[in-house]
Amino acid sequence: TELNLIRNFSIVAHIDHGKSTLADRLIQGTGTVADRDMKAQLLDSMDIERERGITIKANSVRIDYTAKDGQTYVLNLIDTPGHVDFGYEVSRSMRAVEGSLLVVDASQGVEAQTLANVYQALDAGHEIVPVLNKIDLPAADPERVKENIEDVIGIDASDSVMISAKTGLGIPDVLEAIVTRLPAPTGDRNAPLKAMLVDSWYDAYLGVVVMIRVMDGVIKKGDRVKMMQTGAVYGIDKLAVLRPKMVDWPELGPGEIGVFTASIKQVRDTRVGDTITHERKPTAEALPGFKPAQPVVFCGLFPVDAADFEALRDAIEKLALNDASFSYEMETSAALGFGFRCGFLGLLHLEVIRDRLEREYDMDLITTAPSVVYHLHMKDGTVRDLHNPADMPDLTYVDHIEEPRIKATIMVPDEYLGDILKLCQDRRGVQLNLTYAGQRAMVEYDLPLNEVVFDFYDRLKSVTKGYASFDYQITGYQEDYLVKMSILVNDEPVDALSMMVHRDRAESRGRSMVEKLKDLIPRHMFKIPIQAAIGGRVVARETLSAMRKDVTAKCYGGDATRKKKLLEKQKAGKKKMRQFGKVEIPQEAFINALKMD
Ligand code: GTP
């Protein structure tokens, strides 16, 4: 295809503002998929994405569109994930296209994640077309939202395209705007092949599928190509475009986007951002590389039933095939037995993986307290990474500890601002900035990531009734007074509940833990002391009195559905208790004890 007839773009939108619905409309409106094959929200291919309504993996579709000028254009849409944890995937897919549609719900306005993604698009040099969606809603206020876009993002929104992705209103205008307002790609067909590895995933039938954007040269089936970073050479077995199903394609030239397979064994053998060139006639210079995403949140995953360990290993290996940003290694815990220490890009990533293990692989899991990566500066001058509080060495060897800090951006309607400031303050936050745009405030905080990994999102949502949006970036490491807090039940340390906390907050965190555990642990025939301790010093203590009579009714906390689930599981005959010395602790205790109020 000629360069001037290609347009490559992504869609930037906040969750629920209508990205998937718009993508479906564009695909449908151009006859890319026959109506009878149209499944709602085609692009969100993973079940969990559809169910949870969030987009996780980047995906892509090639659309043919005959414009008002009579020419037929090729439009390549690269789908980008909307959530903060996947910012890295956003940035790389942005570099594969020249423009973005900025979709904003005309009844809502710009949200924090949108802002982060728009900045990524601007960084990548994109032309941006604002699209106001949901103008069918009575609450839609396009003029106000235009102003909001100009105030908050600082781009011209006067000729925003007004649409309703739901009714189809304005969809032709979006297609025309893509063609007339977004730039065509550039590239040299006669130069040596230079293609960017945008994404890769594991397909049960085809093996590893690699998505590429060609910059220069031409790639064909049968070519021998080299990955410049890894040095590996492969023969292209299959070359295809996505519409959105794979359709075999003879060749891809500059500006084009497609996929190939090449007998690559695992996703880990492909580096996102790598440059692909011909083995024989390589390009002289690779594209600027990407750093691999580093896991920032770690937690232990243990099977409730020790006999399920092998099944858990199997499930984790399968998931990792398709997700190179998820790391794992075996871990043993005195309390929980064999399990895995896993690393994630963020909290949502953690939740998604845990959810998939529980639902797709039917695992019953105990998750330990999420932890960030601390830098331990040892007295001998070395620096160690600490991923697990259980590995904390004796303090006499440690000079000081540094923890990761983030810059958090929160957008919230005025009336909830006070609650947000309080929440951030309580979490050791330092306010950086506070601005208003309309009735919404945008506040920036410097916060320790350690205070955010527990239940910050949940708290944020509940204090603002779901109206706040949140985004963060890690800014660096900073020294602080951090200590390891251990929990002892009946004088036995429960390693899975130990955590790193700020010294000033150890008492209050310890108190809330032991109080909760007191409610969560069923009574036994004897008295059970429950303590929180720093080193040898007890900072909080409760005593669970000995059992009198009927206790089953009070055994478990949690809501009705959880109780029902528990009952079902008990029916299945699985034992949900863990033995600690002489004490049995229910699985629920681990989960609930780690929630803060
Ligand atoms: P994620 O996939 O979670 O990122 O969300 P999304 O941005 O893709 O939003 P999605 O397309 O799933 O739309 C969110 C909700 O808004 C759905 O319930 C849609 O039916 C609804 N919606 C989308 N477009 C419109 C519109 O133009 N008008 C109205 N009234 N509702 C819409």
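Helix axes here are lines fitted to C-alpha atoms over the stretch in contact, and angles between them run from 0 to 180 degrees between N-to-C directions. Helices (H or I, at least four residues) and strands (E, at least two) are DSSP runs, numbered from the N terminus. What you're looking at is a predicted model, where local features need pLDDT of at least 70, side-chain atom pairs count only at pLDDT 80 or more, and totals for chains, interfaces and linings use all residues. Residues are numbered from 1 along each chain as its sequence is written, and side-chain values use heavy atoms, with hydrogens and water left out.

Let's start with a pair of helices. The axes of helix 1 (residues 19–29) and helix 6 (residues 171–181) come within 10 Å and cross at roughly 80 degrees. That makes the two roughly perpendicular, a label for angles of 65 to 115 degrees. On the helix 1 side, L22, R25 and L26 make the contact, and they meet I171, V174 and L175 of helix 6; contact means heavy atoms within 4.5 Å. Of these residues, 5 are nonpolar, none is polar and 1 is charged. In that count, Ala, Val, Leu, Ile, Met, Phe, Trp, Tyr, Cys and Pro are nonpolar, Asp, Glu, Lys and Arg are charged, and the others, Gly among them, are polar.

Now for strand 1 (residues 6–13). Here 8 of the 8 residues are buried, so the strand is largely enclosed by the rest of the structure. Buried means under 20% relative accessible area, exposed means over 50%, and partly exposed is in between (1.4 Å probe, protein chains only). I6, N8, S10 and V12 point one way, while R7, F9, I11 and A13 point the other. Strand 1 runs parallel to strand 3 (residues 72–79), joined to it by 5 bridges, and R7 has L75 as its bridge partner there. Strand 1 also runs parallel to strand 4 (residues 99–105), again with 5 bridges, and V12 is partnered with L102. Strands pair if DSSP finds at least two bridges between them.

Further along sits helix 9 (residues 417–426), where L417, I420, L423 and C424 are buried. They cover an arc of only 125 degrees around the axis, so they lie on the same side of helix 9; the arc is that of the directions from the helix axis to the C-beta atoms. These buried residues pack against strand 24 (398–413), strand 25 (430–437), strand 26 (440–448) and helix 11 (456–463).

Finally, a stop in a loop: S263 lies between strand 15 (257–261) and strand 16 (275–278). S263 is exposed, with a relative accessible area of 55%.

Notes
Angles under 35 degrees count as roughly parallel, over 145 as roughly antiparallel, 65 to 115 as roughly perpendicular and the rest as oblique.
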